[in-house]
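Please walk through the fold below, from its sheets to its cores and aromatic pairs. A short report follows the display.

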Amino acid sequence: MKHINVATYNICHGRYADLDWSRIASAIREADADIVGLQEIDMGTNRIGGLDTVAALTAATGLTHALFVPAMDFDGGQYGTAILSRYPIVDSGILPLPSASYEPRALGWVTVETEDGHPLTLLNTHLSYESHDQQDIQFAYIADWMGKHLTPDTPAVLTG
């Protein structure tokens with residue numbers, strides 16, 4: 001398989017970039033990422049003026065294939081994670097994670113076909129920050145899912 005650059009980036013809904021999506025896109029482009037897992041994505045929320053963040057970032061980064069993974073309804077829109085890819089997505093899914101009484105979390109995954117025709121699966125999440133025990137439960141849930149759904153010969157990367 002060709003060398004592939006994978007990145008992960010918690011954009012904090014754009015707060016630290018003063019909602020300047022070009023700054024966030026510039027950081028992604030500078031990383032020369034082929035695939036990026038993003039955390040803390042607002043989609044259509046009031047606090048970002050109803051913006052479709054994923055569409056804005058795909059347009060600004062050139063990573064034109066995307067999956068938004070909603071974890072919860074929030075502030076007039078949704079909040080969750082996303083995956084952006086240079087490569088076409090041939091399969092994808094969303095898996096809600098056990099969150100107990102904490103903020104809801106989800107795992108998103110995509111399988112892409114790289115330039116040389118090889119599949120690569122990227123999984124992305126944002127584990128609960130409120131409890132290390134809950135993080136352990138969520139990670140075990142992800143590991144169990146991976147063991148049941150991914151073949152040993154398909155490369156996979158987990159970001160978050």
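## Aromatic pairs

Rings of Phe, Tyr and Trp (its six-membered ring) count as a pair if their centres lie within 6.5 Å; planes under 30 degrees apart are stacked, over 60 edge-to-face, and the rest tilted. A search of the whole structure finds two aromatic pairs. Phe74 and Tyr79 form a tilted one, 5.8 Å centre to centre with 50° between the planes. For burial, the cut-offs are under 20% relative accessible area for buried, over 50% for exposed, and partly exposed in between (1.4 Å probe, protein chains only). Phe74 is partly exposed at 29% relative accessibility. Tyr79 is buried at 11%.

Trp109 and Trp145 also pair: their ring centres are 5.5 Å apart and their planes stand at 40°, so this pair is tilted. Trp109 lies in strand S6 and Trp145 in helix H3, so the pair ties together parts that are 36 residues apart in sequence. Both Trp109 and Trp145 are buried.

## Basis of the model

This is a predicted model: local features need pLDDT of at least 70, side-chain atom pairs count only at pLDDT 80 or more, and totals for chains, interfaces and linings use all residues. Residues are numbered from 1 along each chain as its sequence is written, and side-chain values use heavy atoms, with hydrogens and water left out.

Helices (H or I, at least four residues) and strands (E, at least two) are DSSP runs, numbered from the N terminus. Two strands pair if DSSP finds at least two bridges between them.

## The four-stranded sheet

In which order do the strands of the open four-stranded sheet stand? The order is S1-S2-S4-S3, with mixed pairing. Strand S1 (6-10) and strand S3 (65-74) stand at the edges with a single partner strand each, so one side of each has no neighbour in the sheet. Neighbouring strands of this sheet are turned by 20° against each other on average, direction ignored.

Strand S2 (residues 35-43) pairs with strand S4 (residues 77-85) in the antiparallel sense over seven bridges. Asp42 stands opposite Tyr79 in S4. Helix H2 (residues 53-61) packs on the sheet and touches S2, S3 and S4; its direction makes about 145° with that of S2. Angles run from 0 to 180 degrees between N-to-C directions, and axes are lines fitted to C-alpha atoms, for helices over the stretch in contact.

## Two nonpolar cores

A nonpolar core is a set of buried Ala, Val, Leu, Ile, Met, Phe, Trp, Tyr and Cys residues joined through side-chain atoms within 4.5 Å. The largest has 18 residues. Those with the most contacts inside it are Ile11, Val36, Leu38, Ile41, Val54, Leu57 and Leu84. Helix H1 (21-30), S2, H2 and S4 each supply at least two residues of this core. A second, separate core has eleven residues, including Ile35, Leu67, Ile83 and Leu122.

Contact means heavy atoms within 4.5 Å. Leaving aside neighbours within four places in sequence, the contacts of Leu84 include Asp34, Val36, Val54, Leu57 and Thr58. Thr58 is in helix H2. At 13% relative accessibility, Thr58 counts as buried. Not counting residues up to four places away in sequence, Thr58 touches Leu63, Thr64, Ala66 and Leu84.

Strand S5 (residues 89-97) and S6 run antiparallel, joined by eight bridges. Ile89 stands opposite Val112 in S6. Strand S6 (residues 105-113) is mostly covered, with eight of its nine residues buried. S6 also runs antiparallel to S7, over six bridges. Here the partner of Val112 is Leu120 in S7. S6 and S7 form a hairpin with five residues between them, and Gly117 in the turn has a positive phi of about 85°.

Strand S7 (residues 119-124) pairs in the parallel sense with strand S8 (residues 156-159) over four bridges. Leu123 has Leu158 in S8 as its bridge partner. S7, helix H3 (residues 132-149) and S8 make a right-handed β-α-β unit. Right-handed applies if, with the strands pointing away from the viewer, the path from the first strand over the helix to the second runs clockwise.

Tyr141 is found in helix H3. With a relative accessible area of 38%, Tyr141 is partly exposed. Not counting residues up to four places away in sequence, Tyr141 touches Leu95, Pro96, Leu97 and Pro98.
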